[in-house]
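I opened this model to look up its pockets first.

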Amino acid sequence: MKIFFGIVGMVIIAAIIALWLDIMGTRYLKIKNLPDSNNSTYLITNANILPMHQDTVLTNKMVYIQDGIIKSITESLPQKEVEIVDAQGKFLLPGLIDMHVHVWDKYELGLYLANGVTAVRNVWGMPMHLRIKDDVNNDKILSPHFYTTGPKLTGPEFIGDDNLNLTSHSEAKNKVISYKDRGYDFIKTYYGLDRALFDAVIEQAAISKLDIVAHPSQKVPFSYHLHPQIKSIEHAEEIVQQPLQFNLDTIKLQPIIDSISNSKHSRYCPTLTVFNNIYQMMMNDSILEAEPLSYINPLIKKVDSKNQFNRWHNAKMEDSSVVDRIKNQHDFHLESVAELHKAGVPIICGTDAGIGVTLPGFSIHKELAFYKEAGLSNYEVLKTATVNAAQTHSIMNQLGTIEEGKVANLLLVDLNPLMELSTLENPSSIFIKGRQINRKTLLSFKEKAKNRKNLIASSLRYLENLIIEK
């Protein structure tokens, strides 16, 4: 017994040390450790503004920010002493929003900021995300605005440690109530929900006033996901895999597009990047050793990235035609986005970052480039990650545009993104609730997240989720 308790004690001590080291490793994000970012009242001068609620550039303007809120957009100085930030003729736009991410540690929050992402919607909620949300909301750390769904809700058949399996009407309703009480912002529905379970989730979500984010379930018609309580439908590939039954048929696609368009409250989050990364894995046998993968959380890289690579590498070895099939489906996704846009369906930018080989932060630029390839103008592309995203949920309405009364989540870039989207990849500075973070600090966030050594800490947090949610 002494030996047993001694081993248990050592394991507990090792776990505490691992978590402590991880906390210490991300202390660079603490606002109190960044004195240059403590101020949230500024006058930004000499800025060319992309307000994003209209397709225009407001040239040589001033933006007065007070306590993190945009107070005025003007051409004259305020009647009070205030710190001035000279934009030097650069371009100011709302910070980007990634509406479909999976966050695994705080290092990733810095990666999002470094890539101009000032708000994220995490769509696989765990207890650690509630702690992150608390730290963000209480201004303890510099981070994108952080919103999160609860755990993924599915039916009894789709077993996996990443799912919460529902078995009855009452259980479905109780889980929704529980997630509301615990502080989750949205409900995430997933594969395997049949009509009875889905109805229970939707009914209780309406009562609890929780929006639903839907990864379509194959157990109900696709039209089920057009319910007013569901604010966004995820993944372009789900159109192919469910209503089209893998037939890349543009004629059969049109009625589906029309049904989504007729549902005026529905928004679509294509996540083109994560599907395209299947093709990238099959084309690059050494992708797991590539330098960009050094930004992936070590637990995800060791488990999920490796498993996904093996799955698709083996599929290629068994049937080489699968490579062309995946590429053709990706091209069909581009066409689907083009048709959704033509039909007036609001596209919201999401990457599915944090799984497989889809990088947190960096991937948003790839996603936006795909929308451009699909035929959207640069302004329409930018809308997907600003105003369209912010209008999806009422709790995000204070973001997404540069207007009086909005939160000062801003992105300052060297060139006009209406002409050159790639300028978004290297911000001159960003503002989070009015707190300025310069380019040098943003670059340091990338370096600190690179090759991080928090495998044990990440594993412990994932284990916590399994214990609490299962």
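I asked which element gives the most to the lining of the largest pocket. It is α9, with 8 residues. I note that the model is predicted. Two or more lining residues also come from each of α6 (237-241), α8 (272-283), α10 (321-342) and α15 (455-469), and α9 itself spans 298-318. The volume came out at about 1100 Å³. By class, I logged 17 nonpolar, 12 polar and 10 charged residues in the lining.

Next I took the second largest pocket. I noted about 400 Å³ of space there. Its lining has 18 residues. Ile23, Lys106, Arg131, Asp135 and Arg461 lie nearest the centre. What is the class make-up of this lining? I found 10 charged residues, 7 nonpolar and 1 polar. The largest share is from α3, which supplies 4 residues. I listed α1 (2-25), α3 (127-137) and α15 as the elements with at least two residues each in this lining. So much for pockets.

Then I went to the helices. I checked the span of α10, which has 22 residues. It reaches 32 Å from first C-alpha to last, close to the 32 Å expected at 1.5 Å a residue. Just past the end of α10, I saw that Gly344 has a positive phi of about 85°.

Which residues of α11 (363-373) are buried? I wrote down Ser363, Ile364, His365, Glu367, Leu368, Phe370 and Tyr371. Just after α11, Gly375 takes a positive phi of about 115°.

Last, I looked at strand β8 (145-154). Is it buried or exposed? I found 10 of its 10 residues buried. I then traced its partners. β7 pairs with β8 in the parallel sense, over 4 bridges. There I noted Val120 opposite Phe146 of β8. β10 (186-189) runs parallel to β8, joined by 3 bridges. In that pairing, Leu153 has Thr189 of β10 as its bridge partner. β9 (163-165) is also parallel to β8, again with 3 bridges. Here I found Thr154 opposite Asn165 in β9.

Methods:
Residues are numbered from 1 along each chain as its sequence is written. This is a predicted model: local features need pLDDT of at least 70, side-chain atom pairs count only at pLDDT 80 or more; totals for chains, interfaces and linings use all residues. Side-chain values use heavy atoms; hydrogens and water are left out. On a 1 Å grid over the protein atoms alone, a cavity is a set of points where a 1.4 Å probe fits but cannot get out, and a pocket is an open set with protein on both sides within 12 Å along at least five of seven lines; lining residues have an atom within 4 Å of a point. Grid points are joined across faces, edges and corners, and a volume is the space filled by probe spheres set on the points. Ala, Val, Leu, Ile, Met, Phe, Trp, Tyr, Cys and Pro count as nonpolar, Asp, Glu, Lys and Arg as charged, and the others, Gly among them, as polar. The expected span of a helix is 1.5 Å times one less than its number of residues. Buried means under 20% relative accessible area, exposed over 50%, partly exposed in between (1.4 Å probe, protein chains only). Two strands pair if DSSP finds at least two bridges between them.
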